[in-house]
Amino acid sequence: MDTHAHPTSSRINERLQAQHRGKEFGFLVVEDYERMSPDEYPYVDRYDPIDDLDYEPPTPAEELLRAVQMLRTSVPSLFTTALPTTPDTSRSLLETFPAEHPASVLTDACKPVLTLHRTDLRTVQARVDLSSTPGAQLVTLLWPTVPAMRTLAELRQSLTAYGAAGDRDRFDTELDAIALDDLDQISGIVQTYRQRVIQRTAAAILPAQATDEPDDHQG
């Protein structure tokens with residue numbers, strides 16, 4: 001959900017009901033989820049400042065929580081936010097940040113919560129807070145760094161440096177064929193090629209994983 005600066009819950013729900021290239025979405029990712037905003041509260045339209053003296057407008061944290069709670073999806077979902085300081089994985093987010101911080105709101109909106117701290121180019125230290133398990137799990141995960149791909153220029157550079165042969169040309173060809181106002185198609189193409197770069201950079205850094213599965217390319 002990176003085509004709108006401040007996507008509403010209804011916008012995301014509508015997007016999830018659509019299809020991309022004839023396929024239903026199987027995974028929802030909202031980066032910097034604090035960009036989200038809920039649809040208007042129905043109560044606000046009926047608010048009477050004289051009769052409803054006890055009414056208090058929702059806080060930004062309450063609006064953010066409501067935006068997540070209003071999503072109607074059964075697919076796995078990932079919501080991310082950046083922390084202003086290096087995280088202390090020995091402490092929960094609620095012990096580190098005030099309740100109104102997006103990271104703290106995330107602990108109410110989603111489970112499990114994964115707090116990550118990069119330790120080197122290959123690994124991150126992770127704290128996993130599960131709703132059904134008291135305390136937290138501390139683990140080290142293989143999570144290689146990937147090149148920056150926040151702009152088309154950066155993505156083109158990454159495709160040239162890390163992509164498969166011909167990826168850069170195919171990317172430009174596919175983009176050239178899409179109408180400028182078809183943001184969903186453009187986003188889909190961008191995500192496809194970003195994922196290719198991520199997979200290739202991860203494969204180059206991580207050791208090969210042993211598997212007992214047969215090779216599909218063998219006769």
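Let's start with a charge over a ring. The charged end of R196 sits over the ring of Y193, 4.5 Å from its centre. The rule here: NZ of Lys or CZ of Arg must be within 6 Å of the ring centre and within 35 degrees of the ring normal.

A word on the source. This is a predicted model, where local features need pLDDT of at least 70 and side-chain atom pairs count only at pLDDT 80 or more, while totals for chains, interfaces and linings use all residues. Residues are numbered from 1 along each chain as its sequence is written, and side-chain values use heavy atoms, with hydrogens and water left out.

Back to Y193. Which residue pairs its ring with that of Y193? It is F171: the ring centres are 5.3 Å apart and the planes stand at 65°, so the pair is edge-to-face. Rings of Phe, Tyr and Trp (its six-membered ring) pair if their centres lie within 6.5 Å; planes under 30 degrees apart are stacked, over 60 edge-to-face, and the rest tilted. F171 lies in helix α7 and Y193 in helix α8 (residues 183-205), so the pair ties together parts 22 residues apart in sequence. Helices (H or I, at least four residues) and strands (E, at least two) are DSSP runs, numbered from the N terminus. F171 and Y193 are both buried. Buried means under 20% relative accessible area, exposed over 50%, and partly exposed in between, with a 1.4 Å probe and protein chains only.

Stay with α7. Its buried residues are D167, F171, D172 and L175. Down the axis of α7, they fall within an arc of 135°, so they line one face of the helix. The arc is taken over the directions from the helix axis to the C-beta atoms. Turned away from that buried side are the exposed residues D169, T173 and D176.

Helix α6 (residues 152-162) next. Buried there are L155, S158 and L159. Their arc is only 100° around the axis, which puts them on the same side of α6. Q157, T160 and A161 are exposed on the other side.

Now the second aromatic pair; the whole structure has two. Y33 and F79 have ring centres 6.3 Å apart and planes at 75°, so this pair is edge-to-face. Y33 is in the loop between β3 and α2, F79 in strand β4 (residues 77-79), and they are 46 residues apart. Y33 and F79 are buried.

That takes us to the core. A nonpolar core is a set of buried Ala, Val, Leu, Ile, Met, Phe, Trp, Tyr and Cys residues joined through side-chain atoms within 4.5 Å. Which members of the largest one touch the most others? Of its 15 residues, they are I12, L28, V30, Y33, M36 and F79. Two or more residues each come from α1 (9-17), β3 (28-30), α3 (60-69) and α5 (102-109). The largest share, four residues, comes from α3. Apart from this core lies another of 10 residues, among them L159, L175, I178 and V190. In soluble globular proteins, nonpolar side chains tend to be buried together.

Take M36. Leaving aside neighbours within four places in sequence, M36 is in contact (heavy atoms within 4.5 Å) with P7, I12, V30, L64, A67, V68, L71 and F79. L64 sits in helix α3 and is buried, at a relative accessible area of 7%. Not counting residues up to four places away, L64 touches Y33, E34, M36, P102 and V105.

Compare L121. Is L121 buried or exposed? At 60% relative accessibility, L121 counts as exposed. L121 lies in the loop between β5 (113-118) and β6 (123-129). Its contacts, again beyond four places in sequence, are W143, P144 and T145.

Two backbone details. The peptide bond from K111 to P112 is cis, with omega near -5°. P112 is in the loop between α5 and β5. D32 is not a glycine, yet has a positive phi of about 50°. D32 is in the loop between β3 and α2. Most residues other than glycine have a negative phi, and most peptide bonds are trans.

Last, confidence. pLDDT is the predictor's confidence in each residue, from 0 to 100. The protein chain averages 82, and 82% of the residues score at least 70. Confidence is lowest in helix α2 (residues 42-45), at a mean of 50, and highest in helix α7 (residues 167-176), at 94. Over residues 209-219 the pLDDT is below 50, and this stretch has zero contacts in the model beyond near neighbours in sequence. Where pLDDT is low, the predicted coordinates should not be read in detail.
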